[in-house]
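Please look over the sequence and the structure shown here, and then read the briefing that follows. It takes up packing, charged pairs, helix crossing and backbone geometry in turn.

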Amino acid sequence: MNKEEYMGVQVSPLSYEEITQQLKQNVSQGEQSTIIAVNPEKIMKSQTDETLRDLINGSTFQIPDGVGVLLASRLKGGDITSRVTGVDMMDRLLQLSADEGYSVFFYGAKEEVVTKAIENIQEKYPAIQVAGYENGYAQDQEALIQKIQDSNADVMFVALGSPKQELWIRENKERLPVKVFQGVGGSFDVFAGHVKRAPAPFRKVGMEWFYRLATDPKRFKRQLALPKFLWRVITKK
């Protein structure tokens, strides 16, 4: 896979369908895969955080979650044609798991959030096999590892916030039977119905960031990463 690179950070120029097809092949071959969402904020932060940059570049798939990455690719004549958001990638993986019979483990968020998310997911995908779950407040990590090992899960979603969730995956994946890992941030809250996404028209034109800023002005400082990132991309020789 020829990945694009922005300021030393790799991004996978693949669609949802291409990623799921590759994941099916990797699972059938017994290979582990990891998925991390990439946006301008993470890329800018990685300039001074070598650990974060290594986590991103060490993943199997670096999905272009932010519209800024899509714009950067267009400016540079790249092959990224659309966003691949973390929450939608999770939904595609849930559908793939239901279709292919993969069992799924959920780790992270508050107890009431993760249980409600699973309830809603089972309603949406009745064929889904839930291998198990654990909220994000587990104190005994060895007991958690044993629980996941015993579940024999194929797919695992980790919702601890980034980069904590990706660090957890990197540190523990070799000990686990899981074939597909995705760090999903606050996606359990979305599936639980506790957090509402931007309306479809905003998402379709890549303006979800604007909707989130309008409904939560406190995000303004974080959103400044977008113009800074694009300026760096444009002026880089």
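Leaving aside residues up to four places away in sequence, Phe188 touches Met90, Phe106, Tyr107, Gly108, Ala109, Val113, Val114, Ala117, Phe157 and Ala159, where contact means heavy atoms within 4.5 Å. The model is predicted, so local features need pLDDT of at least 70 and side-chain atom pairs count only at pLDDT 80 or more, whereas totals for chains, interfaces and linings use all residues. Residues are numbered from 1 along each chain as its sequence is written, and side-chain values use heavy atoms, with hydrogens and water left out.

- In soluble globular proteins, nonpolar side chains tend to be buried together.
- The largest nonpolar core has 36 residues, and Met90, Leu94, Phe106, Phe157 and Phe188 touch the most other members; such a core is a set of buried Ala, Val, Leu, Ile, Met, Phe, Trp, Tyr and Cys residues joined through side-chain atoms within 4.5 Å.
- At least two residues of this core come from each of helix H1 (16–28), strand E3 (33–38), strand E4 (61–64), helix H5 (86–100), strand E5 (103–108), helix H6 (111–124), strand E7 (155–159) and helix H9 (187–192); helices (H or I, at least four residues) and strands (E, at least two) are DSSP runs, numbered from the N terminus.
- H5 provides the largest share of this core, namely 7 residues.
- A second, separate core is made up of 19 residues, among them Tyr6, Val9, Val38 and Leu70.

**Charged pairs**

- Side chains of opposite charge can pair when their charged atoms come close.
- The count comes to 8 salt bridges, each defined as a side-chain nitrogen of Lys or Arg within 4 Å of a carboxyl oxygen of Asp or Glu.
- One of them joins the side chains of Asp91 and Lys124 at 3.1 Å, N to O; because Asp91 lies in helix H5 and Lys124 in helix H6, this pair ties together parts that are 33 residues apart in sequence.
- Asp91 is buried, with a relative accessible area of 17%, while Lys124 is partly exposed at 48%; buried means under 20% relative accessible area, exposed over 50%, and partly exposed in between (1.4 Å probe, protein chains only).
- Beyond residues up to four places away in sequence, Asp91 touches Lys124, Tyr125 and Phe191.
- Another salt bridge brings together the side chains of Lys24 and Glu100 at 3.5 Å, N to O; since Lys24 lies in helix H1 and Glu100 in helix H5, the pair ties together parts that are 76 residues apart in sequence.
- Lys24 is partly exposed, with a relative accessible area of 27%, and Glu100 is also partly exposed, with a relative accessible area of 37%.
- The side chains of Lys116 and Glu119 meet in a salt bridge of 3.3 Å, N to O, and these two residues both lie in helix H6, 3 residues apart, which is about one turn of the helix.
- Lys116 counts as partly exposed at 31% relative accessibility, and Glu119 is partly exposed with a relative accessible area of 43%.

**Packing of H4 against H13**

- Two packed helices are described by the angle between their axes and the distance between the axes.
- The axes of helix H4 (residues 67–75) and helix H13 (residues 225–235) come within 10 Å and cross at roughly 15°; axes are lines fitted to C-alpha atoms, for helices over the stretch in contact, and angles run from 0 to 180 degrees between N-to-C directions.
- This angle makes H4 roughly parallel to H13, since angles under 35 degrees count as roughly parallel, over 145 as roughly antiparallel, 65 to 115 as roughly perpendicular and the rest as oblique.
- The crossing of H4 and H13 is right-handed, a term that applies if the near helix is turned clockwise from the far one by less than a right angle, with anticlockwise giving left-handed.
- Across this pair, Gly68, Val69, Leu71, Ala72 and Leu75 in H4 meet Leu226, Phe229, Leu230, Val233 and Ile234 in H13.

**Backbone geometry**

- Most residues other than glycine have a negative phi, and most peptide bonds are trans.
- Ser162 and Pro163 are joined by a cis peptide bond with omega of about 10°, and Pro163 is found in the loop between E7 and helix H8 (164–172).
- Met7, although not a glycine, has a positive phi of about 55°; Met7 lies in the loop between strand E1 (4–6) and strand E2 (9–11) and is buried, with a relative accessible area of 11%.
- Asn152 likewise has a positive phi of about 55° although it is not a glycine, and Asn152 is found in the loop between helix H7 (141–151) and E7.
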